[in-house]
Amino acid sequence: MHSRGAERLPGVAGSPHLLLVEDDPGDAFLFEELLTEVQPNVQITVAATLAEALERLRPDVQCVIVDLSLPDASGLDALRQVIARAPTTAVLVLTGLADAHVGVQAVAAGAQDYLVKQDVDGALLGRAISYAIERKRADESERQLVEARAVGRENARLERGLLPVPILADDSLRHLTRYRPGRDRALLGGDFHDTVQTGDGTVHAVIGDVSGHGADEASLGVRLRMAWRTLVLAGHTGEQLLSTLDTVLEHERWGEEIFTTLCMLTITPDRRTARLHRAGHPCPLLFGPSGVEALPDGPHGPALGLIPGADWPAEELDLGDAWGIMLYTDGLIEGCVGEGGERLDLTGLEELAKAAHARGERGDVLVDGLIAEAERLNGDVLSDDLAVLLLSRGEL
């Protein structure tokens, strides 16, 4: 290794380290002199054979300059072995006048550039090395970007496949959902929702919130939703269902501190009454002919995963002919309002919903408006996972 001077190769930070693979001592000496004449601080390791070069390839080597005519390898075989050993390192190949065409083949095989020995001077060699290093960096950045996009598309397809498709055959019911994870560039969060109509005409709806944020919570939310749907389709309801789901959570979670709040609605086939179960979850909003109100804080149980053998009593709801029930997760109401740090909470959401309903807003416009207004009051996007499920019947 030879170290000299204090300049830098153009565009290359620090003290560049090069590996020169050249079996002709005279040519090797000439290339060292040419380089150090224009780039005094360059570090050069010289190897006379391919085997020696492969031994001396280290992560700090930024560029390999390899002669394609070596005692133990010739032509593109030497290039391929260097690339295989150091796939992220720039490679510059040297050819003679008689085999310049091999240089073109070398670039096609993965080298960043080639030089004809007889045409090389110091300035040309310095520029070629700098361009080779920068081109390799650009190629690596592009490769990583392509890989990241491919992984992102695959994850997106996977996550979309895990989002629920409601089982709902009753055309008299309008079903609207909104779902937004708190994680950047994610499709799933720890919140979940689902709607299932069983053979007797009963409509079951659920919304839940796994504590915490991240991919693990999203995975657990999907498992709980699928378990809930399976139990509903198997004929389980009420406390029996929640008790079983509590057991599922106990076995699926990764720590005893993980819990899940949940709100479950069971609407009778005549659509005039419903049964509500809450497990540590915020009260739904009820829309009726007289306006909007939050359901009273009636009988309910703790969040799933907190108290073994807990009870989750039901609350009976008289819906009438025209109604709407909005289930949501606390991501909608935990944003701040004003500069004092107060939360929007259920009271604030109820006021926003009353004002929107009085303006004649319904369905998509109403729900999207509530989310937008909560964000406006918060001064930024809501950071927690957020899910909303609105079921309605008749003209409100």
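Analyst: Here is the overall picture, then the annotated residue. Keep in mind that this is a predicted model.

User: OK. How many helices and strands does the chain have?

Analyst: It has nine helices and 20 strands. The chain is more spread out than a compact globule, because its radius of gyration is 34 Å, well over the 21 Å that the globule rule gives for 396 residues.

User: What does the C-alpha trace span along its principal axes?

Analyst: About 95 × 45 × 40 Å.

User: And how much of the chain is buried?

Analyst: Of the 396 residues, 48% count as buried. The chain exposes about 18,500 Å², with carbon and sulfur atoms supplying 51% of that area.

User: What about charge? How many positive and negative side chains?

Analyst: There are 35 positive and 64 negative ones. The centres of the two sets lie 3 Å apart.

User: Where does Asp67 lie?

Analyst: In strand S4, which covers residues 63-67.

User: Is Asp67 buried or exposed?

Analyst: Buried. Its relative accessibility is 5%, and the cut-off for buried is under 20%.

User: Which residues does Asp67 touch?

Analyst: Leaving out residues up to four places away in sequence, Asp67 touches Val21, Glu22, Asp23, Leu94 and Lys117.

Terms used. Residues numbered from 1 in each chain as written. Predicted model: local features only at pLDDT ≥ 70, side-chain atom pairs only at ≥ 80, totals over all residues. Heavy atoms only, no water. Helix = DSSP H or I, 4+ residues; strand = E, 2+ residues; numbered from the N terminus. Rg over C-alpha atoms; globule rule 2.2 N^0.38 Å. Buried < 20%, exposed > 50% of the residue type's maximum accessible area, 1.4 Å probe, protein only. Areas by Shrake-Rupley, 256 points an atom, 1.4 Å probe, with all protein chains shown as cover. Lys, Arg positive; Asp, Glu negative; His and termini not counted. Charge placed at Lys NZ, Arg CZ, Asp CG, Glu CD. Contact = heavy atoms within 4.5 Å.
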